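Here is a short briefing on a two-chain model. Keep the viewer open and follow the points by topic.

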Amino acid sequence: MTTLTQTNRGLVPLMVVQMKLFLREPVATFFTIAFAPLLLLLFGAIYGNEPQEVFGGRGSMDVTVPGYIGIVIVTVAMIGIPIQTATNRELGVLRRYRVTPLRPLTYLIADVAAYFLMTLTGTVLLIVVGAVAFGTRPVGSIPAVLAGFTISALSFFALGYLLASLAPTARVAQTVGMVLAYPMMFLSGASLPLELLPPGLRHVTDFIPLTYVVKLLRGLWFDAPWASLRLDVIVLSAILIIATALSARFFRWQ
Amino acid sequence: MPVAVVSVVGLRKTYGSTVAVDGVSFEVGAGEVFGIVGPNGAGKTTTVECLEGLRVPDEGVVRVLGLDPQRQGDALRERMGAQLQESALPARIRVGEAMALFASFYSRPLPHGALLDELGLTDRDRVAWGALSGGQRQRLAIALALVGDPDLIFFDELTSGLDPQARHATWDLVRGVRDRGKTIVLTTHFMEEAERLCDRVMIIDQGRVVALDAPANLVRSLGAEQRVTFTVETADDDILAALRALATVTRVERSGDAIIVHGEPDRSLAPILEVLNGAGVAFHDLHTEQASLEDVFLALTGRQIRDAPP
């Protein structure tokens, strides 16, 4: 019991502070919370949401909303987390925490929880904008979509912390994060539905981790049974486990 | 003999082929202000970071509050406070938020509002760390080091980069911390700072201890002379002769109106004043100059502390 209290001490206050700090960074806030809904409004205005044969009778926005959730996740995971974590290390913020009774694990849990809630906020806003503007709604159950969102977000967060662990400086973390994130957005079906990619390019998508997020979320959004999404769940779980193990090995506090 | 708050025996730490700390041993008693002084790169910060548990010693035994910083770090961190050299807070965290956050890490934190008040930061409560002046940042660093109500506090180069006024204000704050009965271990490359704040100082150079004693003892050990300087309206040779005749005086110089008397530290001033008063000589601008820790460092290493290699 004592151990539990000690481990938890500082957890919620740190989580709240991390979220406040996140919201005070205008660029991070914009890309996490406002970017995907704005993109949705823009392309919805261009393409509308009429049923289309290429999407199996669904509208363009119907398939875009679950894909854009992937954009929110990858933005936070590959850009937000690596930059912020590496910056805090570079400035000595992490060192300062290390000489307090705050446990390292508590720091990471609070950090992950803060990013998770910010990502969830961006996702909910995206879904609400889609529903209000274009009448898009999940066909599948909300808990299933939420479960798919959770495993997707956590496995990509683990990649973000791994990048922060391996990058020597915040600058490198930022560059590598962007170089990884932007092609992923376009080659995974996140920003551009996979159906619209030329067939030659579709083979590439199998090697893009974000593809499995998009497939999982789109599947759950349209009520596909979990059994049909087994591969996506397995790949994302493997990423989560391996990236977490590697981060634990390589994470540096100073 | 009081129980040692810090006990270090044979501490050694290398980075690659560079030996940062080379067999350092010392003890710090309860309630003591202990200074680790030396030029940049002497091994001060490495020593302190081994005590704080931030670095793992290559050799030696380190006990802080009776605990092993590596194996009992959690228990130690509950009872120590630290200000780190070159450690920032997130630029956008506000003073009040930082205090509340750090307070939440400890089992028995001090009321942080009162602490901010004491350190003169109450009106900065809603100001972001990035917008604070250097002196305010150091005051917040002191407050954050105190908020857990620790028994032992580390200050690492607390006043580096501060202007003289902020430095003197910070010294007063450190004295305030000492007066709360806390044990303090501080590092500095300002000899004057060590002299003014510390009960004992350990001078280290190139990773080795070159001296460890109370500042006054270190200065006295030099056997340095005290200089008493004053100016007189009219000084006749009889006065000079009378001064030269004093048992504690070794030499008397005259330079224009100014007279400089060299003699034994502490014991020269009273006889000099007796001579002057006895002869009815009006004097002014009298001041004494003593050897300082700077002179001690120079004598022990053959170098000025400022010229020491980084």
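Among contacts in chain B between residues at least 6 apart in sequence, 70% join residues at least 24 apart. The model is predicted. Chain B has 310 residues, and 42% of them count as buried. Its C-alpha trace spans about 70 × 45 × 40 Å along the principal axes. Eleven helices and 13 strands make up the secondary structure listed for chain B.

**Three-stranded sheet of chain B**

- This open sheet runs in the order β2-β1-β4 (chain B), and its pairing is antiparallel.
- β2 (18–29) and β4 (59–64) of chain B are the edge strands; each has a single partner strand, so one side of each lacks a neighbour in the sheet.
- From one strand to the next, the twist averages 15 degrees.
- β1 (residues 4–15) of chain B pairs with β2(B) over nine bridges, in the antiparallel sense.
- Within that pairing, V6(B) has V28(B) in β2(B) as its bridge partner.
- α1(B) packs on the sheet and touches β1, β2 and β4 of chain B. The direction of α1(B) makes about 120 degrees with that of β1(B).

**Helix α1 of chain B**

- Helix α1 covers residues 44–52 of chain B and is mostly covered itself, with nine of its nine residues buried.
- G53(B) follows α1(B) and has a positive phi, near 90 degrees.

**Six-stranded sheet of chain B**

- A second topic is the open sheet with strand order β5-β6-β7-β3-β8-β9 (chain B), which has mixed pairing.
- Its edge strands are β5 (80–83) and β9 (208–213) of chain B, each pairing on one side only.
- The twist here averages 15 degrees from one strand to the next.
- β3 (residues 33–37) and β8 (residues 200–205) of chain B pair in the parallel sense over four bridges.
- In this pair, G35(B) stands opposite V201(B) in β8(B).
- Helix α5 (residues 134–146) of chain B lies across β5 and β6 (152–156) of chain B. This helix runs at about 165 degrees to β5(B).

**Nonpolar cores**

- The largest nonpolar core has 140 residues. V74(A), A98(B), A143(B) and V185(B) have the most contacts inside it.
- α4(A) gives the largest share of this core, 15 residues.
- A second, separate core has eleven residues, including F230(B), A242(B), V249(B) and L276(B).
- Which residues does V185(B) touch, not counting those up to four places away in sequence? They are V6(B), V28(B), F34(B), I36(B), V48(B), L51(B) and F154(B).

**Contact between the chains**

- 18 residues of chain A are in contact with 21 residues of chain B.
- On the side of chain A that touches chain B, α2 (11–23), α4 (60–91) and α5 (93–98) of chain A each supply at least two residues.
- By class, that side of chain A has nine nonpolar, four polar and five charged residues.

**A helix pair in chain A**

- Helix α7 (residues 142–166) and helix α10 (residues 209–221) of chain A pack at about 170 degrees, and their axes are 8 Å apart.
- An angle over 145 degrees counts as roughly antiparallel, and α7(A) and α10(A) are therefore roughly antiparallel to each other.
- From α7(A), A144(A), V145(A), G148(A), F149(A), S152(A) and F156(A) take part. They meet V213(A), L216(A), L217(A), L220(A) and W221(A) in α10(A).
- This contact of α7(A) with α10(A) has nine nonpolar, two polar and no charged residues.

**V275 of chain B**

- V275(B) sits in helix α10 (residues 269–278) of chain B.
- Is V275(B) buried or partly exposed? V275(B) is partly exposed, because 19 other C-beta atoms lie within 10 Å and a buried residue needs 20 or more.
- V275(B) touches I239(B), A242(B), L243(B) and L246(B), leaving out residues up to four places away in sequence. Among them, A242(B) belongs to the second core.
- V275(B) and E233(B) are 42 residues apart in sequence and 16 Å apart in space, C-alpha to C-alpha.

How values were computed:
Residues are numbered from 1 along each chain as its sequence is written. Chains are lettered from A and ligands numbered from 1 in the order in which they are written. This is a predicted model: local features need pLDDT of at least 70, side-chain atom pairs count only at pLDDT 80 or more; totals for chains, interfaces and linings use all residues. A residue is buried if 20 or more other C-beta atoms lie within 10 Å of its own, exposed if 12 or fewer, and partly exposed in between; C-beta atoms are placed from the backbone. Two residues are in contact if their C-beta atoms, placed from the backbone, lie within 7 Å. Two strands pair if DSSP finds at least two bridges between them. Axes are lines fitted to C-alpha atoms, for helices over the stretch in contact, and angles run from 0 to 180 degrees between N-to-C directions. Ala, Val, Leu, Ile, Met, Phe, Trp, Tyr, Cys and Pro count as nonpolar, Asp, Glu, Lys and Arg as charged, and the others, Gly among them, as polar. A nonpolar core is a set of buried Ala, Val, Leu, Ile, Met, Phe, Trp, Tyr and Cys residues joined through C-beta atoms within 7 Å. Angles under 35 degrees count as roughly parallel, over 145 as roughly antiparallel, 65 to 115 as roughly perpendicular and the rest as oblique.
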